[in-house]
Amino acid sequence: MVKDIIVFRYGHRIVRDFRVTTHVCLVARALKASKIIIGGLQDNELEQNINRINLLWGGDFKVEFVENWWSILKEYKRLGYSLVHLTMYGEESHKRLKNIIKKDKILVVIGSQKVPREIYELSDYNISIGNQPHSEIGALAIFLSKLIKDKQMYSDFKNAKIKILPSKLNKNILKLDKNSAK
Ligand SMILES: C[S@@+](CC[C@H](N)C(=O)[O-])C[C@H]1O[C@@H](n2cnc3c(N)ncnc32)[C@H](O)[C@@H]1O
């Protein structure tokens, strides 16, 4: 069973990629990755936004920007992480998933701009979510939802100040401590 999931996003351009990278972070956090490593330019505003989400909604999802992404990827491989690169050119996910979910530690690689050949070669798996072009947000969401159990999506985030009480019709938010934001 998968014990740790880390996401690596190749590339981040300030302003231009702000919204997409933010959404990639939100999906990674919500679907139980412990961290995102962004191989791109340091973006303090993005990091602060995600930290604010953590403060209110809980958990300790981390955002890290790195320049030397190549050595970082190699280091995670050395630490026993299986590298799963999501690309429309990759093998069909259903053919490899049985093996992938047996891994303890997974580093999911997604692109933005064109991903260099070295990443395909270093990856243990190049996996497609369908062989049509779409987006890193969509590919990541679908892949992570296959890695974790449905129930895990609803498990509590520690130290959350608020949480949603699921409802058929209403927006019910439960405040978990008196200092919680409105
Ligand atoms: C703008 S897309 C570029 C599409 C790219 N030519 C490719 O290799 O998938 C940016 C990222 O979205 C992800 N992506 C897009 N379509 C995908 C698909 N069908 N399956 C898996 N990942 C996909 C990949 O991680 C890709 O690097």
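Helices (H or I, at least four residues) and strands (E, at least two) are DSSP runs, numbered from the N terminus. The model is predicted: local features need pLDDT of at least 70, side-chain atom pairs count only at pLDDT 80 or more, and totals for chains, interfaces and linings use all residues. Residues are numbered from 1 along each chain as its sequence is written, and side-chain values use heavy atoms, without hydrogens and water.

**Exercise 1.** Determine which elements supply the shell around the ligand.

*Solution.* 
1. The shell, formed by residues with a heavy atom within 4 Å of the ligand, holds 18 residues. The closest are Leu86, Met88, Ile129, Gly130 and Gln132.
2. At least two shell residues come from each of β4 (82–92), β6 (125–128) and α6.
3. The largest contribution, four residues, is that of β4.

**Exercise 2.** Identify polar contacts of the ligand (pairs of N or O atoms within 3.5 Å).

*Solution.* 
1. Threonine 87 places a polar side-chain atom 2.9 Å from a ligand oxygen atom.
2. For glutamine 132, a backbone N or O atom lies 2.7 Å from a nitrogen atom of the ligand.
3. A polar backbone atom of glutamate 136 is 3.1 Å from an oxygen atom of the ligand.

Conventions: A polar contact is a pair of N or O atoms within 3.5 Å; within protein, one must be able to donate a hydrogen and the other to accept it, and residues adjacent in sequence count only if both atoms are side-chain atoms.
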